Amino acid sequence: ERINWKPLIGYKDEIKDFYSIGDQLFFLSHKNASKFKIGVTSILNPDFDKAKIIVAEGKDVITDIQKSQNYIIYATSNGITNEQYSINTKTLTTEKLHLPQGVNRSSPFNATLNDRLIVYNANWLSPYSVYEYDIEKNSITKSKWFDTSGGFPDFSKDYVIKEVEVESYDGVLVPLSILYPKNIKFDGNAPCYLEGYGAYGYSITPSYSSANVILLEQGCSIAFAHVRGGGEKGEEWHQAGMKTTKPNTWKDFIACAEYLIKEKYTSPQKLIGTGMSAGGILIGRAITERPDLFAVAISQVGETNILRSEVSPNGDNQIPEFGSVKVEKDINALIEMDAQSKVIKGTKYPAVFVRSGMNDARVVPWTPAKFAAVLQNSSSSNKPVLLYVKYDNGHFTSDIDVTIKEFVDMLSFSLWQVGHPKFKITD
């Protein structure tokens, strides 16, 4: 008539998630393990401090655990791609699931009746796809019930995904994702489109874009620099690229550009650099610090005048990330990250495409306009600096036709400037 309840898990155990199979209790904990660990204890007499640790804290973050009938499934992330593993609950052995490259997430078909999973994959080269995975057989098939990829071809036959780490100026290793055609000649003659952001702890993770495929079809390689200021390696990575540490953001981007040139993916005469919004700090300071590295720079609604940002409608919102001119210790950092004031007359700057939206309240239109004007007035390279304004746009637009047209204009300009034979101007 009376049940004597007692606590199973306490706050001090620092457990994020747990599952029971038989009398075993499997748990995911961050106690003395900031990137998490997986352990098992008895559900009848739980002792988390003396539990058997099955998966110790490692280089990658353990993001979650799930269960099927006979397995515990866990996922790891390096901040860019995800891997999935299974733990046999009888033997406590682990095995990697053979999944497509990219971001993989899963859920059990029926955790009490079988060992099958639904796996969701996001990839640089394939549209969002759904697979069915049999853990016992370690086999994968594309789901006929949940498939969303439609009739897209298998782009992996023609293009390669390569994930590397590049040594930055201070020895820190910076992740760099590279997509390139299989038939590329590593002689430095191919164009390369290098993108970066590096702010607010935002991570650039694999996702399919038809725009990327269009670039690849033109013989270009594409690279994503996962620079400090983003979240690819956790909050410490974010804090290593904000306020006084903000120079790491564009210096990491420069290191990635140098790597692509050194490895002959491209050359300074063929390299296109781009940054959007807060990424305007990245691309603006990259070309003002190393104008010799880039043939083209694209600043998309870019924050290139951060010293004056505070008086704009979105200014106060950005103070926690970049600092305030009203705070003495922030001023030198803001001066250093302000691309507008770093443009030097008589310098040979690359061709620059500056995009702005007239209704943009995040980066007010006079910011890109001033950056274009000072470059037009200062560059000695005789390369064009184009201010591209959409009068109906804000920071973004929901009009897909406008988005496509902007992309076509930006990339046509860029490929023209790197000498692509299909984009020459003819009489």
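Helices (H or I, at least four residues) and strands (E, at least two) are DSSP runs, numbered from the N terminus, and this tour uses those names throughout. The model is predicted, so local features need pLDDT of at least 70 and side-chain atom pairs count only at pLDDT 80 or more, while totals for chains, interfaces and linings use all residues. Residues are numbered from 1 along each chain as its sequence is written, and side-chain values use heavy atoms, with hydrogens and water left out.

Begin by selecting Asn138, which lies in the loop between β11 and β12. Asn138 is not a glycine, yet its phi is positive, at about 50°. For background, most residues other than glycine have a negative phi.

Next, select the sheet to which those two strands belong: 4 strands form an open sheet in the order β9-β10-β11-β12, with antiparallel pairing, where two strands pair if DSSP finds at least two bridges between them. Because β9 (103–108) and β12 stand at the edges with a single partner strand each, one side of each is left without a neighbour in the sheet. On average, neighbouring strands of this sheet are turned by 30° against each other, direction ignored; the axes behind this angle are lines fitted to C-alpha atoms, for helices over the stretch in contact, and angles run from 0 to 180 degrees between N-to-C directions.

Within the sheet, highlight β10 (residues 116–122) and β11 (residues 129–134), which pair in the antiparallel sense over 6 bridges.

Move on to Trp145, in the loop between β12 (139–142) and β13 (159–167). Is Trp145 buried or exposed? Trp145 is exposed, with a relative accessible area of 63%, since buried means under 20% relative accessible area, exposed over 50%, and partly exposed in between (1.4 Å probe, protein chains only).

Now go to Val301, in the loop between β18 (296–300) and α5 (319–322). Val301 has a positive phi of about 40° although it is not a glycine, and at 1% relative accessibility Val301 counts as buried.

For the last stop, select Ala373, which is placed in helix α7 (residues 366–378) and counts as partly exposed at 38% relative accessibility. If Asn88 is then selected as well, the C-alpha to C-alpha distance between Ala373 and Asn88 is 63 Å in space, and the two are 285 residues apart in sequence.
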